[in-house]
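Trainee: Could you walk me through this one? I have a few quick questions.
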Amino acid sequence: MQTRKDRWQDDLFVAGPLSSLIPDDHLLKRVDKVLDVSWLHEEVRDCYCQDNGRPSIDPEAALRLMLAGFFEGIVHDRKLMQRAQTDLSFRWFAGYALHERLPEHSSLTRIRQRWGAERFRRIFEKTVEACLKAGLVNGQTVHVDASLIRADVSWKSITVQHVERVVEANVEDAVSASDDDEPPRRGRGRPAGAPKSKKVSTTDPDTSLATSRSDYPLQPCYKQHTAVDDHAGVIVDVALTTGEASEGQYLLEQLERVEALTGRPVERVTADAGYAHGTNYARLEERRTDAVIPPQRPPRHPKRIPARRFKYDARHRLVRCPAGKTLERKSRTEHPSGWRYAARACDCAACPLRARCFSESARVRIVLIADGHEARLRARRRKEQGWDEPTREWYDRHRWRAEGAHGEAKTQHGLSRAVRRGTDNVAIQVYLTAAVMNLKRLARAAVAPTGSLVRTTGTLTTLKRLWSRLKRVGRLDTVDTAFNRTALGLAA
Ligand code: SF4
């Protein structure tokens with residue numbers, strides 16, 4: 001029977017609690033069952049006066065509002081409060097009844113400033129501790145990766161620092177201070193040893209120009225450094241730096257933080273070639289941590305004789321060049337840390353390889369032997385001989401665990417672009433994003449018992465391994481059959 005509903009009948013009373021209007025399988029309802037923020041009042045106690053002033057917004061309600069927004073990818077306070085006005089689930093999750101007035105959007109900004117980035121880091125760490133308690137983190141294998149976050153600045157704010165002009169004005173000082181034989185160039189040129197000019201943003205000086213690929217243009221960015229536990233994909237550490245920072249420098253301190261948080265030693269770490277620093281390999285060897293990190297590929301057609309053709313003799317602290325001459329240790333470098341080895345000018349002047357060895361303007365060939373050089377050579381040999389099957393599988397898992405986490409943060413939780421300026425403000429966005437991703441995993445595990453979650457994850461892993469193995473041996477035609485067989489097995 002066809003019926004018509006009267007849309008304009010106003011209800012005087014709504015019977016039943018607000019929660020009864022929200023379905024049990026709603027994400028916020030599932031998260032509410034596993035979220036414990038009772039500790040927050042104590043954590044932020046020193047940010048508020050206890051016996052004077054206007055009553056504050058309940059810290060727990062403020063945090064719940066922010067989390068609700070991040071679950072949905074709503075990272076702007078104004079949009080979040082507009083949504084909370086009309087979305088019952090947001091109101092219920094934050095603890096506001098239908099008739100209660102919600103806070104102003106600007107109050108959330110002030111709360112963030114008042115609490116500071118460190119407290120938001122603590123909120124993130126609490127989610128890791130909850131995942132640890134639920135058995136979702138075992139801390140044995142950690143996938144580490146870094147990703148750029150576009151800063152919230154316009155191109156008009158990018159300007160060249162006037163270093164060059166300052167250096168040119170002081171070029172005479174530079175000449176007298178230099179003990180280099182080669183005189184510094186005048187005019188628009190940069191004197192030897194002078195700092196390079198750099199583009200900076202005037203509206204957010206903490207950001208810097210960076211790119212993730214050589215064929216992509218530079219963008220004003222921040223860099224997020226993430227460590228993901230292999231067991232259930234929980235993010236166990238996250239940190240933020242300016243975009244141009246080298247991710248490899250932060251690997252070891254990130255592992256230390258992970259171990260401090262989980263209380264367990266990391267047995268294996270996977271990362272991409274950006275982390276293939278000699279110091280990282282050496283320290284990981286010392287710690288007996290398996291480093292699944294591919295060494296950087298050498299350029300295919302180098303213009304000059306590459307440094308790898310020079311043989312390092314650690315015992316005698318010298319380097320032997322392709323012409324059989326020795327290069328002696330000269331000075332220490334800081335970035336990257338290591339020692340410079342220089343050939344003798346008389347050897348190079350008479351050498352038939354001179355034209356291919358170094359540029360016209362230099363007098364001798366200088367080779368940098370970075371700290372951990374031998375560990376890096378061992379890693380390179382291991383890769384050249386071919387990683388064994390388990391190592392290849394761990395690196396495959398790195399792709400979808402670590403890089404997948406970044407993809408999820410950007411596509412579902414609004415981290416493709418920073419919404420505020422300054423390292424602390426962007427760090428808060430990063431911590432909240434990582435916290436909601438962990439809470440999602442925790443909520444999922446609460447619905448499916450840990451065993452079944454891990455079983456499902458294990459089955460997916462088996463399928464991925466099967467896929468990559470067949471791709472490797474070129475038998476893609478059998479994938480469909482194998483996939484169907486596994487799917488049938490799962491259904492059974
Ligand atoms: S140019 Fe100098 S460093 Fe290069 S191969 Fe010849 S002697 Fe060795």
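Mentor: First a term: a residue counts as buried if 20 or more other C-beta atoms lie within 10 Å of its own. Also keep in mind that this is a predicted model.

Trainee: Fine. How much of the protein chain is buried, then?
Mentor: Buried residues account for 31% of the 492 residues in the protein chain.

Trainee: And how many helices and strands are there?
Mentor: The protein chain has 17 helices and 13 strands.

Trainee: Which strands pair with β5?
Mentor: β1, β4 and β6 are among them. β1 (residues 141-150) runs antiparallel to β5, with 9 bridges. β4 (residues 208-210) is also antiparallel to β5, with 3 bridges. With β6 (residues 235-242) the pairing is again antiparallel, and there are 7 bridges.

Trainee: Where do side chains point in a strand, in general?
Mentor: In a regular strand they alternate between the two faces of the sheet.

Trainee: Changing topic. What is the strand order in the open sheet of 5 strands?
Mentor: The order is β9-β10-β11-β12-β13, and the pairing is antiparallel. β9 (311-313) and β13 (366-370) are the edge strands, each pairing on one side only. Neighbouring strands in this sheet are turned by 35 degrees against each other on average, direction ignored.

Trainee: How many bridges join β11 and β12?
Mentor: There are 5, between β11 (residues 326-333) and β12 (residues 338-342), in the antiparallel sense. Glu-328 has Ala-342 in β12 as its bridge partner.

Trainee: Now the ligand. Which residues are around it?
Mentor: The residues around the ligand include Cys-321, Cys-348, Cys-351 and Cys-357. Lys-325, Asp-347, Arg-354 and Arg-365 are also among them.

Trainee: What about the make-up of that shell by class?
Mentor: The shell has 8 nonpolar residues, 4 charged residues and no polar ones.

Trainee: Which helices supply at least two residues of the shell?
Mentor: α11 (345-349) and α12 (354-357) each do.

Note on methods:
Residues are numbered from 1 along each chain as its sequence is written. This is a predicted model: local features need pLDDT of at least 70, side-chain atom pairs count only at pLDDT 80 or more; totals for chains, interfaces and linings use all residues. Helices (H or I, at least four residues) and strands (E, at least two) are DSSP runs, numbered from the N terminus. A residue is buried if 20 or more other C-beta atoms lie within 10 Å of its own, exposed if 12 or fewer, and partly exposed in between; C-beta atoms are placed from the backbone. A residue is near a molecule or strand if its C-beta atom, placed from the backbone, lies within 6 Å of it. Ala, Val, Leu, Ile, Met, Phe, Trp, Tyr, Cys and Pro count as nonpolar, Asp, Glu, Lys and Arg as charged, and the others, Gly among them, as polar. Two strands pair if DSSP finds at least two bridges between them. Axes are lines fitted to C-alpha atoms, for helices over the stretch in contact, and angles run from 0 to 180 degrees between N-to-C directions.
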